[in-house]
Amino acid sequence: MQNRSVKPIVILFVCLVVLSFMPFIIDPGSYKYLYNIFFIVNVTVLLATSWNILGGFAGQISFGHAGFVGIGAYTVALLHYHLQWSPWLALPLAGVVTLLAAVIIGSIAFKLRGPYFALSTLALAEVTKLIAEGWRSFTQGTQGVVVSPGPLLSIPSGGALYFVVSLWLAGFGILCALLIKLSKTSYFFLAVGENEDAALSLGINSKKYKLIALYISSFLAGITGGVLSVHTGFIDPSSGFDMVHTVEPIFLTMVGGIGTVLGPVIGTVLLVPVGEVFRSHFPTAHLLLYGIVLVVFARFIPKGIMGLFRKKKI
Amino acid sequence: MNILEIKDLTKAFGGVVAVSDLNLSIREGIIFGVVGPNGAGKTTLINVITGVEKITKGSIFFKGSDIGKLPTFKRSLEGITRTFQIPQCFTGLTVFENILIPLLLRLPKQEAQLEAARIAERMFLKDDLNKQAQMLSVGRLKLLELAKAYATSPRLLLVDEPMGGVSLDMMDSLINLIKSLRDEGITILLVEHVMKVVVALADELVVLNFGKQIALGAPQEVMKRKEVIEAYLGDEYA
Amino acid sequence: MITSIIINGILIGLIYALLAIGLTVIFGVMRIINMFHGEAVMLGMYAAFVLFDKFGISPYISVFLTAPIFFVLGSIIYKFLIDPIPAREREITSLIITLGISFIFATSAMYIWSADYRTVTLPFSQDVMVFIKTRIGYPALISSCMSAVMIVGFYLFMSKTYMGRAIRATELDKDTASVMGVNVKWISIATFGIGVVLAAMAGGILSPIFYIYPFVGSNFVIKAFTIVVLGGMGSVTGALVGGIILGVAEALASTFLEYSMKDIMAFILFLGILLFKPSGILGGRTRL
């Protein structure tokens with residue numbers, strides 16, 4: 001029993017260590033575009049995993065991940081801009097501040113059941129975006145905020161550093177998902193997502209589990225936003241609160257396999273590189289592609305790629 | 001000793017009174033039948049006892065303490081669990097997982113797994129253990145519904161229409177099963193409209209009509225009363 | 001001053017109400033949140049724009065010409081993409097599918113009509129009438145009146161016709177309705193079609209007074225959700241009340257607060273109502 005839970009964690013750790021050596025094999029200096037895609041893949045794994053913990057594990061569909069990402073991104077940017085914090089140092093706070101926003105939205109949205117949660121998260125994303133646009137003295141409005149990340153522990157900022165940091169953050173996200181999946185909590189998440197009335201009648205405090213899922217998810221999404229703003233070096237309302245951050249994790253999770261630990265990872269690794277190439281040749285066409293693939297998968301292959309291969313979870 | 005005491009209980013939905021000034025005492029260890037025509041307030045009574053619906057007026061005492069304000073899940077942890085008329089299973093999960101979930105809340109993982117297998121056997125679900133709940137027939141779903149509720153180790157089990165849509169063979173085994181649960185010491189509140197079943201099972205019976213209690217006592221005797229026959233068949237048969 | 005703000009708020013509120021009715025009807029009958037409702041509005045706007053631009057047909061007439069097309073579109077989407085989903089997965093899967101459809105529509109509109117802002121400029125677009133010291137633009141006045149007429153028409157349809165009653169019966173209790181001889185499956189398909197038509201008609205009616213661009217739908221969808229939650233999910237009367245409240249709230253906010261606060265009002269109302277009166281201001285009592 002113990003062995004079974006330790007094994008996937010060890011495998012994850014070994015993968016992360018091995019991948020960390022990538023910059024020694026492929027030179028980040030000469031393959032800038034490639035490392036840019038690596039970074040986007042890592043960050044998107046983190047975001048899709050975050051969405052999946054809430055939407056897949058606990059059955060609470062979020063349409064507000066763009067809001068969580070935006071809050072995280074602005075936390076880093078504004079701490080840097082107003083208080084001259086190092087963006088790296090502000091990164092954990094991006095998660096914490098986003099979690100605080102989730103505490104507020106959770107206390108409102110989970111008073112009711114059904115589709116209210118999805119709509120409330122959508123409202124949160126839009127409200128925070130409008131605040132970022134409107135509160136100019138604090139956020140610079142549509143002008144945006146510049147973030148200039150210095151070195152991290154004397155490692156100069158650049159392709160290699162972003163790759164390794166984003167890799168381990170993605171690893172952290174996967175670890176969170178894995179720990180949930182291996183614990184009793186995953187069953188209570190499932191129960192609440194499947195049938196809340198039944199869960200309640202059996203003694204499961206459904207609100208508590210929905211909130212736990214929301215908190216973990218928002219924290220990870222906030223970190224995603226933070227690291228995005230460090231990498232881009234600039235954040236404005238339309239990039240920080242981009243609807244793509246809401247749709248992409250849903251899309252990738254659905255394709256990979258909703259409710260599984262590996263689903264969002266597989267979906268991201270397979271599709272984001274394709275999407276990036278596609279995007280650079282046909283701007284905004286990837287949205288059309290997302291829409292079509294999303295509908296096809298949700299309707300005809302609801303268990304995603306993972307469902308085609310395996311019956312069991314993880 | 002009474003496990004459940006209901007005092008002056010009223011439940012109204014807007015202007016419609018579903019349960020009206022009801023007083024009930026349920027002795028520990030019996031099967032307590034609740035019957036009445038459609039709309040008599042039977043399911044509402046279960047909903048109010050489990051906390052799915054809020055009380056409009058009155059109070060409910062479980063093992064001597066007032067539980068009227070506790071949320072549903074806490075009442076379940078205290079020992080009050082229900083089954084649903086339309087089975088509410090975790091349809092995407094296996095039978096085993098369905099039974100396991102309430103056990104995980106109460107036991108360490110390994111013990112819970114052993115216990116889930118034991119309960120499945122006891123509830124005649126051993127062969128379906130790895131089937132998805134959505135694959136089960138109505139009768140088997142009713143069994144699973146009971147198995148899940150049993151897995152919460154209830155002191156008071158509220159069973160809502162267990163025989164609805166169930167074949168005759170299955171009905172007999174369900175009757176025996178419910179009896180055996182009582183013999184184990186679980187108090188059972190049984191809502192059922194198949195009269196044969198209620199009379200066979202119940203130690204004590206209450207008849208509701210339009211949310212009011214119209215008769216209370218031993219099943220055989222209660223069913224002969226004039227007001228009960230009237231409620232069921234209309235005045236002209238009385 | 002304050003009366004003129006309120007009058008303008010009510011006028012726009014009537015259009016908002018029409019905007020929300022399609023959403024609330026679909027939710028009421030099928031318990032589905034249609035995420036591409038806003039895109040249906042957007043398509044209605046472009047349909048009105050194209051017919052006006054190419055053939056000079058007034059949007060107030062063309063909405064009736066295009067209605068059958070939108071009905072078929074909505075029905076097909078429901079029949080083939082949503083109806084086949086097993087009931088227990090429908091709530092979540094339908095959210096995701098309709099979200100996907102919203103992206104397909106918005107992006108397609110982008111390819112067909114580009115990201116440019118379009119307008120429908122009617123001959124009387126600049127004309128203004130004065131009513132109790134309130135300046136009201138003719139297009140806004142006509143659009144509002146037409147919305148009001150359509151809301152009343154829809155109310156009568158729901159309360160007087162067989163189809164409307166069948167829809168309401170399905171809304172109340174599917175099983176009983178089906179026992180009473182209502183073909184629940186076809187009613188659901190038709191209701192979805194009607195919901196999409198109402199959205200598209202609202203779009204057409206809005207086209208003379210709003211900018212038209214591919215991603216305009218997301219503005220309307222939040223407003224529509226807010227109205228539906230304000231008025232109580234599934235209620236036509238509620239949508240009317242909710243629409244007027246939102247219209248007046250926005251008018252007040254844009255006058256007395258910063259103009260950008262106007263768009264936040266919908267969200268504030270939305271979260272506020274969830275916090276304090278989740279069953280809607282009418283308390284979920286109305287059935288129509």
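Is A:Phe24 buried or exposed? At a relative accessible area of 69%, A:Phe24 is exposed, because the cut-off for exposed is over 50%. The legends below describe close-up views of a predicted model.

**View 1. A nonpolar surface patch on chain A includes A:Phe24.** The patch covers about 670 Å². Its members are A:Phe13, A:Val17, A:Phe21, A:Phe24, A:Ile25 and A:Trp168. Helix H1 (2–20) and helix H2 (22–25) of chain A each contribute at least two residues to the patch. A:Phe24 itself is placed in helix H2 of chain A.

**View 2. An aromatic pair lies within helix H3 of chain A.** Over all chains, the count of aromatic pairs comes to 21. One of these pairs is formed by A:Tyr35 and A:Phe38, with 5.3 Å from centre to centre. Their planes stand at 80 degrees, and the pair is edge-to-face. Both residues belong to helix H3 (residues 32–57) of chain A; they are three residues apart and therefore separated by about one helical turn. A:Tyr35 has a relative accessible area of 3%, so this residue is buried.

**View 3. C:Phe210 and C:Phe220 form an edge-to-face pair in chain C.** The ring centres are 5.3 Å apart, and the pair counts as edge-to-face because the planes are at 70 degrees. C:Phe210 is partly exposed, at 24% relative accessibility. C:Phe220, with a relative accessible area of 2%, is buried.

**View 4. Four aromatic residues of chain C form one cluster.** The cluster consists of C:Phe36, C:Tyr78, C:Phe105 and C:Phe192. Along the sequence, the pattern of chain C is α-α-α-α-β-β-α-α-α-α-α-α-α. The radius of gyration of chain C is 18 Å, close to the 19 Å given by the globule rule for 288 residues, so chain C is as compact as a globular protein of that length. Of the 288 residues in chain C, 58% are buried.

**View 5. Lysine side chains sit over phenylalanine rings in chains A and B.** In chain A, the charged end of A:Lys181 is over the ring of A:Phe57, 4.4 Å from the ring centre. In chain B, B:Lys11 lies over the face of B:Phe13, at 4.9 Å from the ring centre.

**View 6. Two strands of chain B are linked by a salt bridge.** B:Asp160 and B:Arg82 form the bridge, and their closest N and O atoms are 3.9 Å apart. B:Asp160 is in strand E7 (residues 156–160) and B:Arg82 is in strand E6 (residues 80–82), 78 residues apart. Both B:Asp160 and B:Arg82 are buried.

**View 7. A salt bridge joins B:Lys148 and B:Glu145 in helix H5 of chain B.** The closest N and O atoms of this pair are 3.7 Å apart. The two residues are three residues apart in helix H5 (residues 138–150), and are therefore separated by about one helical turn. B:Lys148 counts as buried at 2% relative accessibility, and B:Glu145 is buried at 4%.

**View 8. B:Arg225 and B:Glu221 form a salt bridge.** Their closest N and O atoms are 3.2 Å apart. B:Arg225 is partly exposed, with a relative accessible area of 24%. B:Glu221 is also partly exposed, at 40%.

Technical notes. Residues are numbered from 1 along each chain as its sequence is written. Chains are lettered from A and ligands numbered from 1 in the order in which they are written. Side-chain values use heavy atoms; hydrogens and water are left out. Patches are made of residues with over 30% relative accessible area and no salt bridge: like charges are joined within 9 Å, nonpolar side chains (Val, Leu, Ile, Met, Phe, Trp, Tyr) within 5 Å. Accessible areas come from the Shrake-Rupley method with a 1.4 Å probe; for residues, only the protein chains shown count as cover. A salt bridge is a side-chain nitrogen of Lys or Arg within 4 Å of a carboxyl oxygen of Asp or Glu. Helices (H or I, at least four residues) and strands (E, at least two) are DSSP runs, numbered from the N terminus. Buried means under 20% relative accessible area, exposed over 50%, partly exposed in between (1.4 Å probe, protein chains only). Rings of Phe, Tyr and Trp (its six-membered ring) pair if their centres lie within 6.5 Å; planes under 30 degrees apart count as stacked, over 60 as edge-to-face and the rest as tilted. A charge sits over a ring if NZ of Lys or CZ of Arg is within 6 Å of the ring centre and within 35 degrees of the ring normal. The radius of gyration is taken over C-alpha atoms; the globule rule is 2.2 Å times the number of residues to the power 0.38.
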